[in-house]
Amino acid sequence: MRERKKVRTYRAISDAAVALFLERGFDRVSVAEVAAAAEVSKPTLFRYFPAKEDLVVHRFADHRDEAARVVAARAEGVGPLTALHRHLLDGLDRRDPVTGLSDEPSVLAFHRLLYGTPSLVARLYAYQGESERALAEALGGDVGARLAAGQVIAVLRVLAEENWRRIEAGESADAVHPDAVAAADVAFRQLAEGLADRLQ
């Protein structure tokens with residue numbers, strides 16, 4: 001019961017924050033205004049979200065260790081890069097917002113807020129740093145693993161940003177999809193060639 005209440009409070013605070021940020025802009029809304037809209041105290045808000053940026057970027061929190069989980073859960077005989085490539089292609093097919101390939105109005109508005117606010121982009125990069133560290137651990141944790149993880153996470157970020165950029169410019173997700181798949185294939189082929197000794 002207590003856990004369900006915490007989840008509800010967490011969601012209520014985040015939803016209130018994002019609604020205000022979308023309406024007025026991230027920098028024009030104070031934490032006190034978010035707390036008031038969510039009907040919680042500022043200390044309560046900060047217990048759930050240590051930084052103002054987390055009110056937005058936490059929506060990526062579930063994806064922080066996604067690449068590491070994909071590698072850990074891959075079937076026997078399937079290499080890490082193959083597993084990650086297949087996972088990305090599945091996400092593109094599903095129009096997963098994390099791939100940048102979503103033209104849902106609410107997702108587009110959220111991405112505009114995210115990519116249009118420098119402090120949120122910086123916080124997103126910090127989350128991606130956590131993704132990189134988790135993937136490096138899943139790949140063995142040594143320097144070679146860290147180098148490989150850095151390249152994989154950078155590729156996923158660039159592909160997602162490119163998909164979002166085209167959709168933001170007015171193309172539909174369906175129109176961008178074939179090129180997104182082709183770009184993913186090229187990117188993972190380049191990774192496979194560069195990391196042949198490590199991740200095949």
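Buried means under 20% relative accessible area, exposed means over 50%, and partly exposed is in between. Keep those cut-offs at hand for this tour of a predicted model.

**Stop 1: Glu161 and Arg157**

Select Glu161. Its relative accessible area is 23%, so Glu161 is partly exposed. Show both side chains: they meet in a salt bridge, 3.6 Å from N to O. Both residues sit in helix H9, which covers residues 143–168. They are 4 residues apart there, so about one helical turn separates them.

**Stop 2: Arg166 and Asp179**

Stay on helix H9 and select Arg166, then Asp179. Their side chains form a salt bridge at 2.9 Å, N to O. This pair links distant parts of the chain, with Arg166 in helix H9 and Asp179 in helix H10 (residues 173–194). The two residues are 13 apart. Check accessibility next. Arg166 is buried, at a relative accessible area of 16%. Asp179 is partly exposed, at 40%.

**Stop 3: His177**

Remain on helix H10 and pick His177. Is His177 buried or exposed? At 16% relative accessibility, His177 counts as buried. Display its surroundings, leaving out residues up to four places away in sequence. His177 then touches Leu92, Asp93, Arg95 and Leu101. Keep Leu101 on screen for the next stop.

**Stop 4: Asp96**

Select Asp96. Look for it in the loop between helix H6 (80–94) and helix H7 (105–115). Asp96 is buried, with a relative accessible area of 12%. What does Asp96 contact, leaving aside its neighbours within four places in sequence? His63, Gly91 and Leu101 are its contacts. Leu101 is also touched by His177.

Now zoom in on the side chain of Asp96. One of its polar atoms lies 2.9 Å from the backbone nitrogen of Val98.

**Stop 5: Asp54 and Arg123**

Move to Asp54 and Arg123. Here the side chains meet in a salt bridge, 2.7 Å from N to O. Which helices does the pair tie together? Asp54 lies in helix H4 (residues 54–57) and Arg123 in helix H8 (residues 118–138), so the bridge joins parts 69 residues apart in sequence. Compare the two partners. Asp54 counts as buried, at 5% relative accessibility. Arg123 is partly exposed, with a relative accessible area of 30%.

**Stop 6: the annotated spans**

Select residues 7–67. UniProt places the feature "domain: HTH tetR-type" here, in an unreviewed entry. The span is 64% helix and 0% strand. Its end C-alpha atoms lie 24 Å apart.

How much of residues 30–49 is helix, and how much is strand? The span is 75% helix and 0% strand.

Key. Residues numbered from 1 in each chain as written. Predicted model: local features only at pLDDT ≥ 70, side-chain atom pairs only at ≥ 80, totals over all residues. Heavy atoms only, no water. Buried < 20%, exposed > 50% of the residue type's maximum accessible area, 1.4 Å probe, protein only. Polar contact = N/O pair within 3.5 Å; in protein donor to acceptor, adjacent residues only side chain to side chain. Contact = heavy atoms within 4.5 Å. UniProt positions renumbered as here; feature names shortened; annotations may be inferred. Salt bridge = Lys/Arg side-chain N within 4 Å of Asp/Glu carboxyl O.
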